[in-house]
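Here are a few friendly notes to read alongside the model. Please keep the structure open while you go through them.

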Amino acid sequence: MNLRTKLALLGVATISFSSGCRDAAGPVARGLPVPTQISKTVGPPAPRTYVLAPSPNSAVNLSQYQRDTWTTLIASGSVYMYAEPKLPNASSQYVYPGGPVGVTGWADPRTDGGCILHVKISDGLPGFGPCASAGITDTLLFARLATPRAIRGPLPNSGLYECSNYHDNCHSVLLSDFSTIVEQPIPVTLNKLKTSKRTAMFPANGGVTFTASRTPDSIWVRNGKFAHPITVTLWQWIGADSTRLTSNAYCLFATANPLCTFYPQEAGRMVVKAYTGGWEQTSSVTVQCLAMPADSALNDSTNDFQVREGLREALAASNPDSAPESGWNASSPKGWRQEVGGVIWKLPNAGGYQFVQYIDPNATACRNSLPVSRYEAVATPVPGAEPYGSFHTHPNLPLVEAVYGCAGKTMLNGVEVPFAQYPGDTSSTGALLPPGAVAVEDSARAGSNGDWNYAHNFGLPMFIMKKLDTFSSYYHR
């Protein structure tokens, strides 16, 4: 279908929301209070290496995790054991000569446990394989608040008259040797938070159920399947009016129950923090009201309403809250306020929509242009993506605030005069010009004639974010 045919089928529409169904700003993780229940981590724990001395019965403390965590341990390195020459009457089980002893030790039937100098883990946790074996990578469940220890086994038991007529100190180790133990929690990722409803009219009848999950959710250890522990440390609802609700009256934490049923009164974002895989992770999901009339890009739950949040971010990037005169100086011949624009792409294979800003170095407070004049010439974000529409921001309040650097004229005492191009601009007569303002032919549709012409020329929507809108994205088709 060519653009003219598209144009013939398109009308003009305005996207808005009813006053009872507000849209959510929804930060993903930033700005959230730090939970007080556990210590906060900023990423998965890095591998940790511990050094275990060669001396018999020496020990080293391993990590203490805030919650139960499956962890791999790799022990390596041998220690050299010396043995005194045995006497003629020594037991046939006397260990001689000496030599290197690996982390799984040497078999010695006369020693308690039948093994010497082996590395084991405290609290009844398994070691690194059978005595005198090649050794294995062990996987252990480190219990919450327990401090496991790696412990070196004893030297052989010896008796009198085996290596000396005076003592039984028949064995020793080389004190410069050591073993290393590398510890690493099994990687577990907190998944995107799931919700029973992505869109609703509020208050949401029956509530909305949120489910936290992780990947992988289980692990096979020694022929048994075990779950990866997960503990929710925070549920937080962020409403469209930025209300943050953290009371555990509606969702309990800290708890191993990954479900939360909440009754939102307006659009918003649910944030979950959960400890799994050895660290605290964050995920979130929004529940939004539908844009009316319906628009597939604004109602795109596939990508968690990325277009809506992208429009907000674009408006913030255009500095609508700066003073009109801010930024004007000799090195910056235009102010901080600048329109920001780009393209909304429809992704292939029902992949939803992607929001892409494009930098216009010549943008002003009342002008923004795409880097090319045709959508088809703009590089697609992914192969197969097609342009769905364009967007830009209006960071000014027309006819209310000063707007400098714009083309056109305004009325001053019944006479047309050009807009002020910078703070302090004067006319040829020396009179101070009034603050310029972009002419808006129809405030209900938000766009200028140029905006409408652009949308009509390409037959695709033009989304506009206006200053001070809670959320109103208008498009022209």
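Is the disulfide of Cys251 and Cys260 right-handed or left-handed, and what is the torsion about the S-S bond? Before we get there, note that this is a predicted model, in which local features need pLDDT of at least 70, side-chain atom pairs count only at pLDDT 80 or more, and totals for chains, interfaces and linings use all residues. Residues are numbered from 1 along each chain as its sequence is written, and side-chain values use heavy atoms, with hydrogens and water left out.

1. The disulfide of Cys251 and Cys260 is right-handed, because the torsion about its S-S bond is about 65 degrees. A disulfide here is a pair of cysteine sulfur atoms within 2.5 Å, and for Cys251 and Cys260 the S to S distance is 1.6 Å. Cys251 is buried at a relative accessible area of 3%, and Cys260 is buried at 1%. (Buried means under 20% relative accessible area, exposed over 50%, and partly exposed in between, with a 1.4 Å probe and protein chains only.)

2. In total, the structure holds 3 disulfides. One of them joins Cys115 to Cys131, with 2.0 Å from S to S. Cys115 sits in strand β8 (residues 115-116) and Cys131 in the loop between β9 (119-121) and β10, so this pair ties together parts 16 residues apart in sequence. Cys115 is buried at 5% relative accessibility, whereas Cys131 is partly exposed at 32%. The link is right-handed, with 85 degrees about the S-S bond.

3. Cys163 and Cys170 form another disulfide, 1.9 Å from S to S. This link is left-handed, at -85 degrees about the S-S bond. Both Cys163 and Cys170 are buried.

4. Now for the sheets. Strands are DSSP runs (E, at least two residues), numbered from the N terminus, and two strands pair if DSSP finds at least two bridges between them. Strand β5 (residues 79-83) is joined to β6 by 3 bridges, and Met81 has Gly99 of β6 as its bridge partner.

5. An open sheet of 4 strands runs β2-β13-β4-β10, again with antiparallel pairing. Here β2 (48-52) and β10 (138-142) are the edge strands, each pairing on one side only. Between β4 (residues 69-76) and β10 there are 5 bridges, and Thr72 has Thr139 of β10 as its bridge partner.
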